[in-house]
Amino acid sequence: IDKIPECFYIQTLSDNSIAIDPGSASVTYGGAQDNGTQRRMSGLTWADVTGGDGGFVNVDYSNSSIVYGEYQSGFHIRSMDGGYTFSSIMNGIGQDQGNWMTPVEMDPNAPATLFTGTTKFYKTVDHGTTWTALSTPDANSSPNKISAIGVTKANSQTIYVGVGGHG
């Protein structure tokens with residue numbers, strides 16, 4: 001072969017989650033398997049903002065300087081400066097591990113409120129500074145991990161939680 005077609009040089013990622021900055025559609029975040037969390041400020045250029053396996057990403061819709069990410073098994077992180085630096089927000093969750101990609105969902109009516117789950121269902125009302133367990137595993141069944149969370153916009157008190165699977 002004299003020349004390898006350029007299509008063989010395309011770089012790809014396996015994104016687990018995509019979040020678009022509500023204040024600027026040109027700013028996008030992606031939690032990428034084996035490639036951490038990445039941010040696109042404009043154009044086609046993406047920059048690494050964390051390492052590891054990137055998971056779910058959320059951008060605060062009332063203050064896009066606040067960005068949430070996670071690593072595998074539910075290690076939650078937060079940026080207060082638009083994704084330039086991140087720090088752990090595990091107070092109240094501790095070593096309790098979730099699925100490999102642990103769901104985290106922002107309340108559509110209260111952006112400081114997020115939900116996540118391991119074998120327990122957790123809630124924070126202070127941007128992840130502290131988490132409170134709202135449930136405990138059922139002692140009469142195997143401790144299945146939470147696999148999906150959905151908070152309704154019409155009533156934030158209505159929350160759907162999927163349990164089971166492996167991860």
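Author: One definition to begin with: a charge sits over a ring if NZ of Lys or CZ of Arg is within 6 Å of the ring centre and within 35 degrees of the ring normal. Keep in mind that this is a predicted model.

Reader: Fine. Which ring has the charged end of Arg-39 over it?

Author: That of Tyr-84; the charged end of Arg-39 is 4.2 Å from the centre of the ring.

Reader: Back up a bit. How many helices and strands are in the chain?

Author: Zero helices and 14 strands. Read from the N terminus, the elements of the chain are β-β-β-β-β-β-β-β-β-β-β-β-β-β.

Reader: In what order do the strands of the open sheet come?

Author: The order is E1-E2-E3-E4, four strands with antiparallel pairing. Strand E1 (15-20) and strand E4 (46-48) are the edge strands, and each pairs on one side only. On average, neighbouring strands of this sheet are turned by 25 degrees against each other, direction ignored.

Reader: What holds strands of a sheet together in general?

Author: Strands of a sheet pair through backbone hydrogen bonds, either parallel or antiparallel.

Reader: And here, how many bridges join E1 to E2?

Author: Five bridges, with E1 and strand E2 (residues 28-32) running antiparallel. Ile-20 stands opposite Thr-28 in E2.

Reader: Change of topic. How many aromatic pairs does a search of the whole structure find?

Author: Two aromatic pairs. In one of them, the rings of Tyr-71 and Phe-75 have centres 5.8 Å apart and planes at 45 degrees.

Reader: Why does that pair count as tilted?

Author: Planes under 30 degrees apart count as stacked and those over 60 as edge-to-face, with the rest tilted. The planes of Tyr-71 and Phe-75 are at 45 degrees, so the pair is tilted.

Reader: What about Phe-115 and Phe-121?

Author: Phe-115 and Phe-121 form a stacked pair, with 5.6 Å centre to centre and 5 degrees between the planes.

Reader: Are Phe-115 and Phe-121 buried or exposed?

Author: Both Phe-115 and Phe-121 are buried. Tyr-71 counts as partly exposed at 23% relative accessibility, and Phe-75 counts as partly exposed at 35%.

Reader: What share of the chain's residues count as buried?

Author: The chain has 167 residues, and 40% of them count as buried. Its accessible surface comes to about 9100 Å², with 52% belonging to carbon and sulfur atoms.

Reader: Last one: what share of the contacts join residues at least 24 apart?

Author: It is 38%, taken among contacts in the chain between residues at least 6 apart in sequence.

Methods
Residues are numbered from 1 along each chain as its sequence is written. This is a predicted model: local features need pLDDT of at least 70, side-chain atom pairs count only at pLDDT 80 or more; totals for chains, interfaces and linings use all residues. Side-chain values use heavy atoms; hydrogens and water are left out. Two strands pair if DSSP finds at least two bridges between them. Helices (H or I, at least four residues) and strands (E, at least two) are DSSP runs, numbered from the N terminus. Axes are lines fitted to C-alpha atoms, for helices over the stretch in contact, and angles run from 0 to 180 degrees between N-to-C directions. Rings of Phe, Tyr and Trp (its six-membered ring) pair if their centres lie within 6.5 Å; planes under 30 degrees apart count as stacked, over 60 as edge-to-face and the rest as tilted. Buried means under 20% relative accessible area, exposed over 50%, partly exposed in between (1.4 Å probe, protein chains only). Contact means heavy atoms within 4.5 Å. Accessible areas come from the Shrake-Rupley method with a 1.4 Å probe; for residues, only the protein chains shown count as cover.
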